[in-house]
Amino acid sequence: MSARLGFIMLVHTALDRAAQVARFVAQAGSPVVIHVDARTPPQDRAALVQALADLPDVRFCRRFRCDWGKWSLVAAMQAATERLLGDFPKVERVYAMSGACLPLRPVADLQAWLDRHPDTDFIESVSVADVNWTKGGLSEERFTLHFPVGFKTNKWLFDRLVDAQRLLHVKRDIPDGIVPHIGSQWWCLTRDTLEAILKDPMRPVYDRYFKRVWIPDESYFQTLVRLHTRRIESRSPTLGKFDHQGKPHVFYDDHLQLLRRSDCFMARKIWRGSDRLYQHFLSPGSGEVNHAEPQPSRIDRHFARATEQRIRGRAGLYMASRFPMQNRENGKTAEPYSVFQGFTEVFRDFEGWLSSVANCRVHGHLFAPRKVEFAGREKTFAGGLSYSASLRDYNPRAFLTNLLWSARGERQCFQFGPGDTQGRRYDLLWFMATDSNAQISVISGAWAVPLYLSGRDVAEIRREAARLQRIESDMIDILHSPHVRARIRIWTMAEFLENPAEPLHLLFDEIAPHVQSRMIRIPELVDLNGFGSFLQDLRNQGMQPVLMGDFPTTPLPPGPSHRMK
Amino acid sequence: MRRRRWLFRARRKGRELRAVNDRTGAIDRDAILLFATLRNEKPRLPYFLKYYRDLGVQHFLIVDNGSEDGSGEYLGAQPDVSLWRTGASYKASRFGMDWMNALLRRHGHGHWSLVVDVDEFFLYPFCDTRPLRALTDWLDDAGLRSFGTLLLDVYPRGAVKDQPCIEGRNPLEIACWFDSANYTITRNAAFRNLWIQGGPRARAFFADQPKAAPALNKVPLVKWHRSYAYVSSTHMLLPRGLNLTYDTLGGEKASGCLLHAKFLATLGDKAEEELARGEHYMGGREYHAYARGLDDETNLWTKWSERFINWRQLEIMGLMSKGSWA
């Protein structure tokens, strides 16, 4: 009964697996014609013939030497099809498969499914004018250029010849009446369509033309079927996924559940060592016909994720097989983070306050010159990072990306300032400023507060103040650069202190949006009585403090409100 | 030119090797081979051989650099091991690499070859469900000739000197902790490889001189050609294209890890012995550091150490990658 469906099978290696599949199909009553690549060693072929000798409906057709992307593959398919249609007059449909294909469901299921789609040709056939998935750049030109050199034999020469023909506007004529289509070479066609293609009086013309087309096995039947079909379903009946280079994804034992759930009839390509897959799918079924529709989309998602990882990678990851050049990172860091400059200086216990009100990890000055100030002043942190300043300074950027990578899922906040390690030529700040994950908030001039509070003689700290001011103004220049991608806010100290609640509120909404409505007490300011006269003292010593903004020499009046909102 | 020099050196140094058991005639045309140099590693050998046999290594080619603990006799009795012996200087053979290059040139041509130490355990994506042959077939199909890894140091919890390596046991049962993300990377323009440093060794022994911390980038699996040569350990190779096991446009290539179970009690004795021999890299600077560190009961473990579970865990942590191999 199921003899209405026949198979042609193209094999060149792993003949033992091909034999298993051929036996499975033939025992279900479907005839099989096998094309063995002429390059396959004769003893291997003899073993295959021997292994299938007890099955009268398994035949072998004339052999061709098959090269990837060459006409010989089409010739092999033609020969196998002709043999199948000639030897088995009852066959109504022909299914093309390779030796690396594996039936996932009994042949009876496939037969029943085909019966529900009478007179339909299942073949992926996409017009080259619309196609967007050809890998390697050639789509329409496959049909209009000459390809005297094999792509795999001499890739360099192949590319140069294509370039030369483009330059000279070489163009082959496409025979009248055909519109180039391409698609997967694994199809299932009806006898009527195949006979029409193989017995077409124009066949010698078409064959001559396709002999010079690039990868004709993906276009010969796909194009000609359009001339003769009664009804076409443009999709391959065989499940197969392709990676970013256009190579087929391979299935292994661990894909068993995935393949089973797909409900597809046939999958390719299977790794020849997948014992469990062959054992599971080629074991005799229950005999009942299952009418489930194939669902290849489940598998699509699995492999689409893999391609995404290969092409785009994981943002913020630097590792042995992913080391992006500058600005090709697809995300310089793993997750959003906040950098505060000048906040610990003007508030008392800013760190403690922030970690108590927002759900995030608040570090001190991670880049402090003596040692890393991790949250809680621990000696190590996530990922095994050490508090040693020399280890950190060996590669400050890697230190930051490592920290953010290993603390994924928890927002990281840290203090920064002109007194910290900057890396070579502000390397670290440049990195953060051009990172869209960074939120950098600066109260400029706040570095002067600790100097003021130290109570040291102004003449003594003058030099230090000048150094910090110089560094901070360089930093602010960077933060004003047109290349900046971080979210940056800069207040002078005077501006900020006029109404500290408002900027804090703004930042807070970004760090912890879910708690924005809560009434939050803002942290206590340090006592800045006398800071104005301290600045005047610096001026009197010949230094010009400017980054604080216009700070009154007399003490500030108390702020209007210490509550947010 | 540089490559020819290394190959010439390899041929010269290769003469120092004396075959004890040469069973290379039994190697199949497409067999996966493993090359190693060792000295006094008897307790580690049974598990080491079992681990790699289970992955699908078909033949081991081992240089015994003057073992006195019965390693040679043990290896000689293994049917899938070819053994060479030499008493020559480890240091003068560039820490065994000249011997490895010589053996690779003679026997590795055309084979997927794994070059590891006996305390290194190779992990690749899906290594619990797919044999090594699945990986090499996939690499062949993708036209790749080499496969990169991170050398991931694993250590026990508690003082290293209290954790002996028991013969036949899986050392990863004891040394099962690692640092998940304190590795720094720079690109070495001369050989195009990445230079990775960090991990517990940098943290514990090289905090004051991070530049001297050992390299952790390795390319242990290569479809060998007789014109190839390892330059410095398995960190880099010539021709330089073999070192391009990483993506520079943001994507991830497939890669693995070499779990480095060095930090077990044998190391304390070994550090002292190796110091006395002075046969190691940069005057055994590493071993100086270890001997010093291990004396005062160094514990590499911290509360941020991660316990090793399987390759999937390392993949999620970004220490290795599936790339497009799904």
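Begin in chain B and select Arg192(B): in the hairpin of β9(B) and β10(B), which has 4 residues between the strands, this residue takes a positive phi near 65 degrees. This is a predicted model, in which local features need pLDDT of at least 70, side-chain atom pairs count only at pLDDT 80 or more, and totals for chains, interfaces and linings use all residues. Residues are numbered from 1 along each chain as its sequence is written, while chains are lettered from A and ligands numbered from 1 in the order in which they are written.

Now extend the selection to both strands of the hairpin. Strand β9 (residues 183-188) and strand β10 (residues 193-198) of chain B run antiparallel and are joined by 6 bridges. Strands (E, at least two residues) and helices (H or I, at least four) are DSSP runs, numbered from the N terminus; two strands pair if DSSP finds at least two bridges between them.

Next, select helix α1 (residues 2-14) of chain B. Its 13 residues should span 18 Å at 1.5 Å a residue, and the end C-alpha atoms are 18 Å apart, which agrees; the expected span is 1.5 Å times one less than the number of residues. Colour Trp6(B), Ala10(B) and Lys13(B), which are buried (20 or more other C-beta atoms within 10 Å of the residue's own, with C-beta atoms placed from the backbone; 12 or fewer is exposed, and in between is partly exposed). Seen down the axis of α1(B), the buried residues fall within an arc of 75 degrees, so they line one face of the helix; the arc is that of the directions from the helix axis to the C-beta atoms. They pack against α4 (97-108), β12 (229-232) and β13 (236-238) of chain B. On the other side of α1(B), Arg4(B), Arg5(B), Phe8(B) and Arg12(B) are exposed.

Move to chain A and display the open sheet of 3 strands in the order β5-β12-β11, whose pairing is mixed. β5 (102-103) and β11 (238-239) of chain A stand at the edges with a single partner strand each, so one side of each is left without a neighbour in the sheet. Strand β12 (residues 266-267) of chain A runs antiparallel to β5(A), joined by 2 bridges, and Leu102(A) stands opposite Ala267(A).

Finally, show both chains. The contact takes 48 residues from chain A and 51 residues from chain B (C-beta atoms, placed from the backbone, within 7 Å). α12(A) gives the largest share of the side of chain A that touches chain B, 7 residues.

Technical notes: Two residues are in contact if their C-beta atoms, placed from the backbone, lie within 7 Å.
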